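The tour moves from one selection to the next.

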Amino acid sequence: MPTPSPWWRNAVVYEIYVRSFADGNGDGVGDLPGVTARLDHIADLGADAVWLTPFYRSPMADAGYDVADPRDVDPLFGTLADFDALLARAHDLGLRVIIDMVPNHTSAQHRWFQQALAAPPGSPARARYVFRDGRDGGALPPTDWQSVFGGPAWERVPDGQWYLHLFAPEQPDLDWSHPEIAAEFHDTLRFWLDRGVDGFRFDVAHGMAKDLTEPLRDLGPHQVHHSIVGDGWEGGHPFWDREEVHALLRGFRETVDAYAPARVTVAESWAALERRSLYTRPDELHQAFNFDFLTAAWDPAALRATIDRSLALARSTGAAPTWVLSNHDVIRHASRLQLPPGTDPEAWLLSGGAEPVVDAGAALRRARAAALLLLALPGAAYLYQGEELGLPEVADLPDDVLCDPVRRRSGGRRKGRDGCRVPLPWSTEAPSYGFGTAEPWLPQPGSFGALSAAAQRADRDSVLNLYRTALRIRRTVPADTELLWNSGTGTLDFTVGPLRCVLNPGHEPVPLPEEAAPLLVSSPLPSTAGALPPDTAVWYAHRPGSGAD
């Protein structure tokens, strides 16, 4: 008998942004008990696994991605016992649990960094981080490197030295050439593996390795375009996508592979697609998020080129491709896909979503069609909480509630990521729409009642029921089935095993293929048969010999 494919190769993984999913204790912030109470929603949706954003002890300077203790739960989110209960309930429901690991940096409140601040320059305590003397007698940062969140990537401490932080100053970067770093991190992986987690998502997996050879190199104008990508450097960027990072990833994989049953490893890497495939070589991580698909233009040629390139590069390493439309760091695709070509997303956010005007109806049609495209593609699909409800970006949040460090570090030139992190609506009743008993940490718009899970469950044609039906049909497609393109003009028309997907991302209706009745359509077809409207996708049961080329 052939060996079954590992579960993650064609899994549907649901991202839970913990602080915005469900509030179990009534303090206005989502927590682990809240997640546990709502896991039935995800199992009923048809997902295979959940991915939890960080819930560790943290001062929350970057919503938990500034980790002070990676082996404990922050009281804001609960306790270790709450995590164990969540894990047990998820497993009872047939859901695997993937958790976030943050290897590039720690919180400034981590015991190591506090030791470093208390120690003098040149001390062993400072060697775990990247401390350097400044230029011009110490008055200027050691290099011109810029933080991803805005401003210099260096912060000065009272004794005059500077430390590196590629994100917020509260997130000092570790020096992974120090042997204690790897030893401690691998012990943390084992801590959670011993508790029974099913895998890890590695934050900023293309970071960690840095060229700290003296003198440190300035980047000049290159860093403006390549602020988190490293594109064009072919592994030679001072801190993004360096060749040395792959040895660290092999170490992660070796630790995880020592456990049975097999666990999954996933890279968040913003390296260019051709470089990103290196992260999924057989001895490195199993998967890497496909951000090229997330950022692809809503255009048949652009989408097909991205799909073809992604599939080819996945085959080159034996990995299964991954597909994602939204996550906690980007504008929700129900709004983003409708922005006119050339629109600056940051300008749209800063305008409160008013300029250019987004047609809510058209945006939702496009989001529904994109969902059927995503779920028809071979490989793993990652869903972001609330996309199954068709939630839009909340672009008009009042300034006084915005808390993303991106806004603060950029001096307000970037609005930040709060708009995709607004707490979920579970019921139709204000003020929190079932999120909890207290006012949520970010306000929800009045439109959330009609978009709530409760409202959509009873509506046969809702986005929620579209996702539920699509995930049920998706289970009939065997893992690792090859995608075959069909002939078609102005459409994406392909077959994956028993499923045929036809998407019209254009502006005019196109002829429908001569198939039997559709299995599923993203939006109602016109009463006159034979035409597929713009921004609409349709699934058919594939008939062998119907024209795949």
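Start with the hairpin of strand 15 and strand 16, which has two residues between the strands; select Gly497 in the turn, where phi is positive at about 60 degrees. Strands, like helices, are DSSP runs numbered from the N terminus (strands: E, at least two residues; helices: H or I, at least four). The model is a predicted one: local features need pLDDT of at least 70 and side-chain atom pairs count only at pLDDT 80 or more, while totals for chains, interfaces and linings use all residues. Residues are numbered from 1 along each chain as its sequence is written, and side-chain values use heavy atoms, with hydrogens and water left out.

Now select residues 499-504, which are strand 16; this strand pairs with strand 15 in the antiparallel sense over five bridges. Two strands count as paired if DSSP finds at least two bridges between them. Phe494 has Cys501 in strand 16 as its bridge partner.

Next, colour residues 492-496, strand 15: five of its five residues are buried. Buried means under 20% relative accessible area, exposed means over 50%, and partly exposed lies in between (1.4 Å probe, protein chains only). Which residues lie on each side of strand 15? Leu492, Phe494 and Val496 are on one side, Asp493 and Thr495 on the other. In a regular strand, side chains alternate between the two faces of the sheet.

Step back to strand 14, residues 483-485, which runs antiparallel to strand 15 and is joined to it by three bridges. Leu484 stands opposite Thr495. Six residues separate the strands in this hairpin, and Gly490 has a positive phi near 75 degrees.

Move to the open sheet of eight strands, ordered 11-10-9-5-2-1-13-12 with parallel pairing. Strand 11 (287-288) and strand 12 (322-324) are at the edges with a single partner strand each, so one side of each has no neighbour in the sheet. Within this sheet, select residues 12-16 and 380-384: strand 1 and strand 13 pair in parallel over four bridges. Tyr14 stands opposite Leu383.

Then pick Thr53, in the loop between strand 2 and strand 3. Thr53 is buried, at a relative accessible area of 3%. Beyond its neighbours within four places in sequence, Thr53 is in contact (heavy atoms within 4.5 Å) with residues including Tyr65, Asp100 and His328.

Finish at residues 360-376, helix 12: 13 of its 17 residues are buried, so the helix is largely enclosed by the rest of the structure.
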